[in-house]
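Please examine the sequence and the structure shown below.

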Amino acid sequence: MRRRTKSPTRGRKGPSTARIKNRKNKDNKNEKTVLVKSDSDVVDKVEDGVMKVMMEFFSEEMLPVFGITMKATKVLATEEVQIKLSKGYEDFNLEMEDGSIAHFEFQSTNEGTEGLRRFRVYESSLCYKMKKSVITYVLFSGHIMDPMAELEDGINLYKVIPIIMSKENADLLLADLRAKIDRGEPLTRSDLVTLPLLPLYGGKSSQQERIRAAFEITAKADNVSRPDVEKIEAAAYAAKETPPHIRSAADRVCH
């Protein structure tokens, strides 16, 4: 009688199922580690997106909010290829009516010397490429009240113009807009562009109260085109998405 020969693969488990599962679990763990972001990363991403949208579509109305009286003539690219083929991305650039460039940076953390050196690289690269004067404005949000705005480096003195968002009072702004509505005066784009900035301002009201008020106000902006209102509402809603325990720091400033 012929003895049945076992198949070489019979009874052998090949690549261990347990090993495969372990490998998948390990890969999943690694993947989770890569995907997790800190609160400051989320804040930066949200605020950058909100501010870039507002500056791109409403720069004419936004500049006076920051105390800039000169008008912009066009939006410029924000990518600069630097030495060693590294890329630097400025937050936002506008060409102004006098031919100069307004370079905007949006900061939710105070980087101090490191940040100023990075801004100087962007500014120098842009100045060299465009052959134009560049002024850097840094919008500071959160609880930053007294950021570093000058850097002495060798014989050079580098300066930026700081704009402290939390020094503005969201409650007073909302009171002014409500009073304008009560007087029967039509709301303008200039009135509405400040609404997405409410979460970045100081004041006693909560973030939920501010966003709810913002939407109540946009609902009464009959003189502003619907596409513009929708952009402003989208930016305001995006600003609301910042982690509340981070954003609440602004609530404690400028009461």
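A salt bridge is a side-chain nitrogen of Lys or Arg within 4 Å of a carboxyl oxygen of Asp or Glu. This is a predicted model, in which local features need pLDDT of at least 70 and side-chain atom pairs count only at pLDDT 80 or more, while totals for chains, interfaces and linings use all residues. Residues are numbered from 1 along each chain as its sequence is written, and side-chain values use heavy atoms, with hydrogens and water left out.

By the salt-bridge rule, the count is 11. Among them are the following pairs.

| Pair | Closest N to O distance |
|---|---|
| Arg120 and Asp153 | 2.8 Å |
| Lys74 and Glu95 | 3.9 Å |

Helices (H or I, at least four residues) and strands (E, at least two) are DSSP runs, numbered from the N terminus. Arg120 in helix H3 (residues 113-130) and Asp153 in strand S7 (residues 150-153) link distant parts of the chain, 33 residues apart. Lys180 belongs to helix H4 (residues 170-182) and Asp191 to helix H5 (residues 189-192), so this pair joins parts 11 residues apart in sequence.

Lys74 is partly exposed at 45%, whereas Glu95 is buried at 13%. Arg120 is partly exposed at 23%, and Asp153 is partly exposed at 23%. Both Lys180 and Asp191 are buried. Elsewhere, salt bridges with shared partners join Glu61, Arg189 and Asp228 into one network.

Note on methods: Buried < 20%, exposed > 50% of the residue type's maximum accessible area, 1.4 Å probe, protein only.
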